[in-house]
Amino acid sequence: MVESAASGQALAASGSQSQHTPGSEAVPPLLAIDAVDVFYGPIQALFGVSVSVGEGETVVVLGGNASGKSTTVKTALGLVKPRAGSVTFRGERIDGTPTHDVIGLGFGSIPEGRRVFVEMSVADNIRLGAYTRRRAEKGDLAADLDAVYEMFPRLAERRNQTAGTLSGGEQQMLAMARAFMRKPKLLCIDEPSMGLSPLMVERVYETLGTWQKAGLTMLIVEQNAMMALGLAHRGYVLRQGHVIIEGLAADLLEDDTVRLAYLGG
């Protein structure tokens, strides 16, 4: 996997990304999760959690196991419904909206554990990412597919293999390629570094950095604080379902609580 100019050009050509300065207070957030309480049965997972993502911004949600970070992104995607609070996208409330309709609004997802279709070919997995773009010109889809194979040459080599025969790192590439084909307005990424070698983690974040430069808006849930904060504009730290720290990514890297919990002091 290499940082490819093709990925930036293809994303920029989609016309779905704003060119405003990330974090500008004059621009309302693209996504706003506001004071949500979320339960799994009788167990409360989130307590008044608020997270916002501006258009063109990269925001990271950090936390350990059972901190509520994955529940936060599931709330954004409509996979869980808050009992209190609200979720808005472009100013319109979407909490309670079925996930397939949320995806139709322009959300993309790279889920924890990749969740590729193991019995399907690599090529078919990638094409499935464009299923909401059925009205797109065939030439546009073909150009995007070419860009994917340029970004991820290993997938090009293995395009006819079944996805279940790929390594964990290759499956992560495949999940990213599938998400790229979606051309999302907001990409939600759950634990992109989980289970990967340090070298593969670096390659994953190189690609995310290329997408960021092209203007893609991203909400990343992650335990690898160093890599995530090195990429993000802003961040939130969750503990037991509560936001305990939030701020600019550069400031969080210097925060003693964050450093002791995630960066080794």
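Of the 265 residues of the chain, 52% count as buried, a term that denotes a relative accessible area under 20%, with exposed meaning over 50% and partly exposed the range in between (1.4 Å probe, protein chains only). The structure is a predicted model, in which local features need pLDDT of at least 70 and side-chain atom pairs count only at pLDDT 80 or more, while totals for chains, interfaces and linings use all residues. Residues are numbered from 1 along each chain as its sequence is written, and side-chain values use heavy atoms, with hydrogens and water left out.

The chain contains eleven helices and ten strands. Among contacts with a separation of 6 or more, 71% join residues 24 or more positions apart; contact here means heavy atoms within 4.5 Å.

Six strands form an open sheet with mixed pairing, in the order S6-S7-S8-S3-S9-S10. Two strands are taken to pair if DSSP finds at least two bridges between them. In general, strands of a sheet pair through backbone hydrogen bonds, either parallel or antiparallel. At the edges of the sheet stand strand S6 (107-110) and strand S10 (242-248), each of which pairs on one side only. On average, neighbouring strands of the sheet are turned by 15 degrees against each other, direction ignored. For such angles, axes are lines fitted to C-alpha atoms, for helices over the stretch in contact; angles between N-to-C directions run from 0 to 180 degrees.

Both senses of pairing are found at strand S9 (residues 234-239). S3 and S9 run parallel and are joined by four bridges, with Gly235 in S9 as the bridge partner of Val60. S9 and S10 pair in the antiparallel sense over six bridges. Across this second pairing, Gly235 stands opposite Gly247 in S10, and Val237 stands opposite Ile245. The hairpin of S9 and S10 has two residues between the strands, and Gln240 takes a positive phi near 50 degrees there. S9 is mostly covered, five of its six residues being buried.

H2 is mostly covered, with eight of its nine residues buried; among them are Lys69, Ser70, Val73 and Leu77. Thr71, which is located in this helix, has a relative accessible area of 9% and is therefore buried. Not counting residues up to four places away in sequence, Thr71 touches Val38, Tyr40, Ala45, Leu46 and Val80. Just after H2, Gly78 takes a positive phi of about 80 degrees.

Helix H7 (residues 168-182) lies across S6 and S7, running at about 175 degrees to S6. The expected span of a helix is 1.5 Å times one less than its number of residues; the 15 residues of H7 should therefore span 21 Å, which agrees with the 22 Å between its end C-alpha atoms. Of these 15 residues, 14 are buried. H7 is followed by Lys183, whose phi is positive, near 55 degrees.

H7 and helix H8 (residues 198-213) pack at an angle of about 10 degrees, with their axes 10 Å apart. The two helices are therefore roughly parallel, a description applied to angles under 35 degrees, whereas those over 145 count as roughly antiparallel, 65 to 115 as roughly perpendicular and the rest as oblique. Gly169, Gln172, Met173, Met176 and Phe180 of H7 make the contact with Met200, Val204, Thr207, Leu208 and Trp211 of H8. The buried residues of H8 include Val201, Tyr205 and Gln212. Just after H8, Gly215 takes a positive phi of about 100 degrees.

A nonpolar core is a set of buried Ala, Val, Leu, Ile, Met, Phe, Trp, Tyr and Cys residues joined through side-chain atoms within 4.5 Å. The largest such core has 49 residues, and those with the most contacts inside it are Ile126, Phe152, Leu155, Leu208, Trp211 and Leu229. H7 supplies the largest share of this core, eight residues. Apart from it lies another core, of 27 residues, including Ala76, Phe89, Leu219 and Tyr236.
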